[in-house]
Amino acid sequence: MDDRTLIEWARQARDRAYTPYSQFPVGAALLSRDGRVFTGCNIENAAYGLCNCAERTALFKAVSEGARDFVKLAVIADTPRPVPPCGACRQVLAELCPPDMPVILANLKGDAEVKTVAELLPGAFGRGDLHGREKRA
Ligand SMILES: O=c1ccn([C@H]2C[C@H](O)[C@@H](CO)O2)c(=O)[nH]1
Ligand SMILES: [Zn+2]
């Protein structure tokens, strides 16, 4: 699937965003190796800290449906520049996706930019940091 098609999936998912507080809808679309596309939108809450981003909605939907092998992710919002994922989503991407996986950042004007997961979060804390760690002095 080409990048423009995945961006269009993300754009349609954006129309389903639940954003009564920010009025800032975001859409995402995650392509799985088996050909499935998992879409996501941001879903907000009156308890603001519980707002979930479009990217994490798509990633969590995918994992909960048994997908683990991802090809690329597109994300879109009405931003002056292609929308950059927040820090929380970068961390979740680093956990669940290959470091060289492309993330297509887009906006409604038609701008798009591609960055890898590792470029979005260099030096990410990960599972390899948890075990076999050095004992502290
Ligand atoms: O990459 C991003 C950036 C922000 N948001 C959401 C979170 C919140 O609902 C709203 C404003 O930050 O946009 C996303 O879904 N993805
Ligand atoms: Zn986020």
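The protein has a mean pLDDT of 96, and 96% of its residues reach 70 or more; pLDDT is the predictor's confidence in each residue, from 0 to 100. This is a predicted model, in which local features need pLDDT of at least 70, side-chain atom pairs count only at pLDDT 80 or more, and totals for chains, interfaces and linings use all residues. Residues are numbered from 1 along each chain as its sequence is written, while chains are lettered from A and ligands numbered from 1 in the order in which they are written.

Me: What does the model score for ipTM and pTM?
Reply: The ipTM is 0.99 and the pTM is 0.95.

Me: Why is Asn42 called buried?
Reply: The label needs 20 or more other C-beta atoms within 10 Å of the residue's own, with 12 or fewer meaning exposed, anything in between partly exposed, and C-beta atoms placed from the backbone. Asn42 has 24 within 10 Å, so Asn42 is buried.

Me: And where does Asn42 sit?
Reply: Asn42 is in the loop between β2 (37–41) and α2 (54–64). Helices (H or I, at least four residues) and strands (E, at least two) are DSSP runs, numbered from the N terminus.

Me: Which residues is Asn42 in contact with, leaving aside its neighbours within four places in sequence?
Reply: Ala17, Thr19, Pro25, Val26, Cys51, Asn52, Cys53 and Ala54. Contact here means that the two C-beta atoms, placed from the backbone, lie within 7 Å.

Me: What makes Tyr48 exposed?
Reply: Tyr48 has 9 C-beta neighbours inside 10 Å, so Tyr48 counts as exposed. Like Asn42, Tyr48 lies in the loop between β2 and α2.

Me: How do you know that "binding site" belongs to Asn42 and Tyr48?
Reply: That comes from a record: an unreviewed UniProt entry places the feature at Asn42, Ile43, Glu44, Asn45, Ala46, Ala47 and Tyr48. UniProt positions are given in the numbering used here, feature names are shortened, and annotations may be inferred rather than shown by experiment.

Me: Which residues come nearest to ligand 1?
Reply: Of the 14 residues around ligand 1, Ser22, Val26, Asn42, Cys53 and Ala54 come nearest. A residue is near a molecule if its C-beta atom, placed from the backbone, lies within 6 Å of it.

Me: What is the shell around ligand 1 made of, by class?
Reply: Nine nonpolar, three polar and two charged residues. Ala, Val, Leu, Ile, Met, Phe, Trp, Tyr, Cys and Pro count as nonpolar, Asp, Glu, Lys and Arg as charged, and the others, Gly among them, as polar.

Me: What about Gln23, what makes that one exposed?
Reply: Gln23 has 9 other C-beta atoms within 10 Å, so Gln23 is exposed. Gln23 is in the loop between α1 (3–14) and β1, and has a positive phi of about 50° although it is not a glycine.

Me: Why is Asp15 called exposed?
Reply: Because Asp15 has 9 other C-beta atoms within 10 Å. Asp15 is also found in the loop between α1 and β1.

Me: What makes β3 (residues 70–77) mostly covered?
Reply: Six of the eight residues of β3 are buried. β1 is mostly covered too, with six of its seven residues buried.

Me: How do you know that β1 (residues 26–32) and β3 pair?
Reply: Two strands pair if DSSP finds at least two bridges between them. Seven bridges join β1 to β3, and these strands run antiparallel.

Me: What else joins up?
Reply: β1 and β2 are antiparallel over five bridges, with Thr39 as the bridge partner of Ala29. Five bridges join β3 to β4 (residues 102–107), which run parallel, and Ala77 stands opposite Asn107 in β4. β4 also pairs with β5 (residues 112–116) in the antiparallel sense over five bridges.

Me: Which residue takes a positive phi in the hairpin of β4 and β5?
Reply: Gly110, near 100°, in a hairpin with four residues between the strands. In the hairpin of β1 and β2, Gly35 likewise takes a positive phi near 100°.

Me: What do the buried residues of α2 pack against?
Reply: They pack against α1, β1, β2, β3 and α3 (87–96). The buried residues are Ala54, Glu55, Arg56, Thr57, Ala58, Leu59 and Ala62.
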